[in-house]
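Biologist: I have a model open and want a quick tour. Can you take my questions as they come?

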Amino acid sequence: MLPLQSKRIVLGVTGSIACYKAADLASKLTQLGAEVDVILTGAAQHFIKPLTFQSVTGRRTYVDQDLWGPEGHVLHVKLGKDADLLLIAPATANTLAKLAAGQADNLLTLTALAATAPLMLAPAMDGGMYDHPATQASLDTLRARGAQIHGPVSGHLASGLSGVGRMLEPAELAGHARVALGASGPLAGRRVLVTAGGTQEPIDPVRVIANRSSGKQGYALAQAALDMGAQVTLVSGPTALTPPVGAEFVRVQTAVEMRNAVLAHAAGADMLLMAAAVADFRPSNAANKKIKRAEGVPTVELAANPDILKEVSQQAGKPRLLVGFAAESNDLLANAQGKLASKGLDMIVANDVSAQDAGFEVDTNRVILLTKDGAQEELPLLSKYEVARKVLEKALSLLK
Ligand code: CTP
């Protein structure tokens, strides 16, 4: 299942050099499963052609001329009414001013008046134009009317100057679109706490004991929970991944830091999904200076780390549902069942990490969901995102 399947987005593109990034945005949204109807203004067509968008969306791209065709009198109404989200990226100062004033002199601004869907704007312009009181007043008016405004950000501008005016990057805008489109999903109003990645336990200031967890399954859980409308906190060990847009993000390094972060965010959460690979042991006395080779081969003595899940399960204000993950290389079911019981969990997601296509580092996973009532559900090989959706659907059914 694709995250934005059956969602309809009208993507309005106005005349800024950031138009070239809008093609990437249209492509990203399409790849996420959305049906993307692009409307180009006349000025946008000086920068980019309808064919570019048609090629990435696989759908017709609309221009002002379409207003004067046979469907002209209803086109803007149909586009506006069918949309789940109206996203204008880039949005120029001129279009912002028109939207604020309720003007409707082209297909895009007409559609904006006809649309009932949430309006999301990604302004892009030169710094001075953005700072101008007229533009700021347009943005204030639109914000007060409920529009979501993302960016602009600071950096190099096409004018050669640098300042605040750059359109937010397509990946981030796609993330905001996911949050907006997921808002009324099955997890709306729920708080989901996710942990991800492995922890690192310092030996000295430059060396750590780490594990092979990439964090991909945990990040997929956080993203899927956002797509389903949840309010998400992601507590993550060091990973190379970008946190999903819309999640509250807490970066930790060690198991003890992860424990503290989880306990600080557990109260009031509907569920805790503990996907992190927490180190069970840490060097008992991390050296505060780099250990030198000339000192000879060191012996690293280890101490036990807290069992975070077990500790949380014994807390008074614990999340309503506790979900653990068991990565095993042998005796999968027996080991997972043992952890389900000993850690006081409602569900455990068991996976055999000895398989090539499941577990560490890869994008796919093959898991079995074991619940407290003794039920077992074996899932086929799925992407980590699809696994995340299934885990969340099962967790939600247990919550209910
Ligand atoms: N876990 C935890 N705190 C730890 C270790 C693990 O909260 N110190 C959580 C993991 O996040 C996971 C579940 O417990 O959700 C099972 O993790 P796993 O490492 O498989 O369990 P352990 O109890 O450490 O057992 P072992 O490593 O001996 O298999």
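Biologist: At what angle do helix H1 and helix H3 pack?

Modeller: First, a caution: this is a predicted model. In it, H1 (residues 19-31) and H3 (residues 50-57) pack at about 20°. Their axes are 8 Å apart.

Biologist: Which residues make the contact?

Modeller: From H1, they are Cys-19, Ala-22, Ala-23, Ala-26, Ser-27 and Thr-30. H3 brings in Thr-52, Phe-53, Val-56 and Thr-57.

Biologist: How many of the residues in the contact of H1 with H3 are nonpolar, polar or charged?

Modeller: Six are nonpolar and four are polar. No charged residues take part in the contact of H1 with H3.

Biologist: On to H9. At what angle do the axes of H1 and H9 cross?

Modeller: Roughly 45°. H9 covers residues 170-182, and the two axes come within 9 Å. That angle makes H1 oblique to H9.

Biologist: Is the crossing of H1 and H9 left-handed or right-handed?

Modeller: The crossing of H1 and H9 is right-handed.

Biologist: Which residues of H1 and H9 make that contact?

Modeller: Lys-21, Asp-24, Leu-25, Lys-28 and Leu-29 come from H1. On H9 they are Pro-170, Ala-171, Leu-173, Ala-174 and Ala-177. By class, the contact of H1 with H9 has seven nonpolar and three charged residues, with no polar ones.

Biologist: Switching to the ligand. Which residues surround the ligand?

Modeller: Among them are Met-274, Asp-280, Pro-306, Ile-308, Phe-325, Lys-339 and Lys-343.

Biologist: What lies 2.7 Å from an oxygen atom of the ligand?

Modeller: A backbone N or O atom of Met-274. Asp-280 has a polar side-chain atom 2.9 Å from a ligand oxygen atom. For Ile-308, a polar backbone atom is 3.0 Å from a nitrogen atom of the ligand.

Biologist: Now the backbone. Is the peptide bond from Ala-89 to Pro-90 cis or trans?

Modeller: Cis, with omega near -5°. Pro-90 sits in strand S4, residues 85-91. Gly-151 and Pro-152 are also joined by a cis peptide bond, with omega about 0°.

Biologist: Where is Pro-152 found?

Modeller: In the loop between strand S6 (148-149) and strand S7 (153-156).

Biologist: Last one. Is the phi of Ser-6 positive or negative?

Modeller: Positive, about 65°, although Ser-6 is not a glycine. Ser-6 lies in the segment before strand S1 (8-13).

How values were computed
Residues numbered from 1 in each chain as written. Predicted model: local features only at pLDDT ≥ 70, side-chain atom pairs only at ≥ 80, totals over all residues. Heavy atoms only, no water. Axes fitted to C-alpha atoms, helices over the stretch in contact; angles between N-to-C directions. Helix = DSSP H or I, 4+ residues; strand = E, 2+ residues; numbered from the N terminus. Contact = heavy atoms within 4.5 Å. Nonpolar A, V, L, I, M, F, W, Y, C, P; charged D, E, K, R; others polar. Near = heavy atom within 4 Å. Polar contact = N/O pair within 3.5 Å; in protein donor to acceptor, adjacent residues only side chain to side chain. Parallel < 35°, antiparallel > 145°, perpendicular 65-115°, else oblique. Left-handed = near helix turned anticlockwise from the far one by under 90°.
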